[in-house]
Amino acid sequence: MPVARIGFIGLGLMGRPMAKRLLAAGHELRVFNRSKGPVEELARHGAEAAGSPEEAAAKSDYTILMLPDSRDVRQVMLGERGVIHGARPGSIVIDMSTISPAVEREIHEFLKQRGVGYLDAPVTGGTIGAEQGTLAIMVGGDHEIFKKAEPILRVLGQRIVYMGPSGSGQMTKICNQISVALSLLGACEAILLASKAGLDLDKVIEVISSGAGASWQLAHLGPAIVNRDFRPGFKAEHLMKDLRIALEMGQEYNLPLLGTALMHQLFKSLAGKGEGALGTQAVIKVLEDLANHIVSRSSRGAEKS
Ligand code: NAD
């Protein structure tokens, strides 16, 4: 595809590798982030630094957002020196953060009135997927805008699925997060019991991962749990935010979401310990408190004192 001018806002664990892929594909990037370190890092890779979201959007054909939560996206889009003040008619804004579907629909309407296309295009696949360009991307918005933006999304993801009107991408992502959270709970409880029973944890993960109990969570986060590596690929506070949105959706659709509510509470407990910035696998710590047992390769002796 021809070289595109792209504004990129939000250079965290996901945004940084995604922006680097776009640069490596030959596109011109203007980047903005709340803290300056990541902007300087991207500038070393050839990006131009923007002084505000407005400036990042001003000369861009596409503006991509990768921010934590709904209020961040709302502020960056509609606030003072926000994207809405810079984006040109005919350009396209793509929000790849995971936020509330209702907020996406609201922003979509604002931008439509100004002739700017808007897509909600959240992703799954983790930082590994962001680095390798293998993300799954679920897209909501107007179909003709999706078709125009698809070549850019192809730089970032392998499986790109148009889900329907504005908000549908986020609704799909929230369903994904329910599945993520509950399979993480399954992985944690399996490892906890295996540890207490004195099984070889590496063998447990290996054999379960090749059968009907396999999951991305067990395969990728199981070894981290056993190694007590709680560095974030995906921060616990972000999954807690996603589960909060899921529960709001349950409220809207009058749907009981029992497992989601349970996991939300467990993550609240982790955040209450001041550990919300750890990776999601750190939820094992809350379960260990309840079990009075710490997962350990040398198992039986691991009762908490
Ligand atoms: P992160 O916390 O690592 O990064 C967020 C970045 O946004 C930070 O660099 C922060 O400085 C910046 N930021 C926050 N508010 C800002 C503002 N007002 N203006 C400018 N910059 C601002 O988060 P992340 O892991 O990169 O996740 C980003 C989004 O993607 C979240 O919605 C998350 O739920 C979602 N997501 C994350 C993963 C993952 O594995 N990490 C996977 C899929 C989706």
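A salt bridge is a side-chain nitrogen of Lys or Arg within 4 Å of a carboxyl oxygen of Asp or Glu. Keep that in mind for the exercises below.

The model is predicted, so local features need pLDDT of at least 70 and side-chain atom pairs count only at pLDDT 80 or more, while totals for chains, interfaces and linings use all residues. Residues are numbered from 1 along each chain as its sequence is written, and side-chain values use heavy atoms, with hydrogens and water left out.

**Exercise 1. Find the partner of Arg81 in a salt bridge, and say where the two residues lie.**

Step 1: Arg81 pairs with Glu55, and their closest N and O atoms are 3.8 Å apart.

Step 2: This pair links distant parts of the chain, 26 residues apart: Arg81 sits in the loop between helix 4 and strand 5 (92-95), and Glu55 in helix 3 (residues 53-58). Helices (H or I, at least four residues) and strands (E, at least two) are DSSP runs, numbered from the N terminus.

**Exercise 2. Is Arg30 buried or exposed?**

Step 1: Buried means under 20% relative accessible area, exposed over 50%, and partly exposed in between (1.4 Å probe, protein chains only).

Step 2: Arg30 has 12% relative accessibility, so Arg30 counts as buried.

Step 3: Now look at Glu48, which forms a salt bridge with Arg30, the closest N and O atoms being 3.0 Å apart. Glu48 is in strand 3 (residues 48-49) and Arg30 in strand 2 (residues 28-32), so the pair ties together parts 18 residues apart in sequence.

Step 4: Glu48, at 42% relative accessibility, counts as partly exposed.

**Exercise 3. Describe the residues around the ligand.**

Step 1: Look at backbone atoms. A backbone N or O atom of Leu13 lies 2.9 Å from an oxygen atom of the ligand, and one of Arg34 lies 3.0 Å from a ligand nitrogen atom.

Note on methods:
A polar contact is a pair of N or O atoms within 3.5 Å; within protein, one must be able to donate a hydrogen and the other to accept it, and residues adjacent in sequence count only if both atoms are side-chain atoms.
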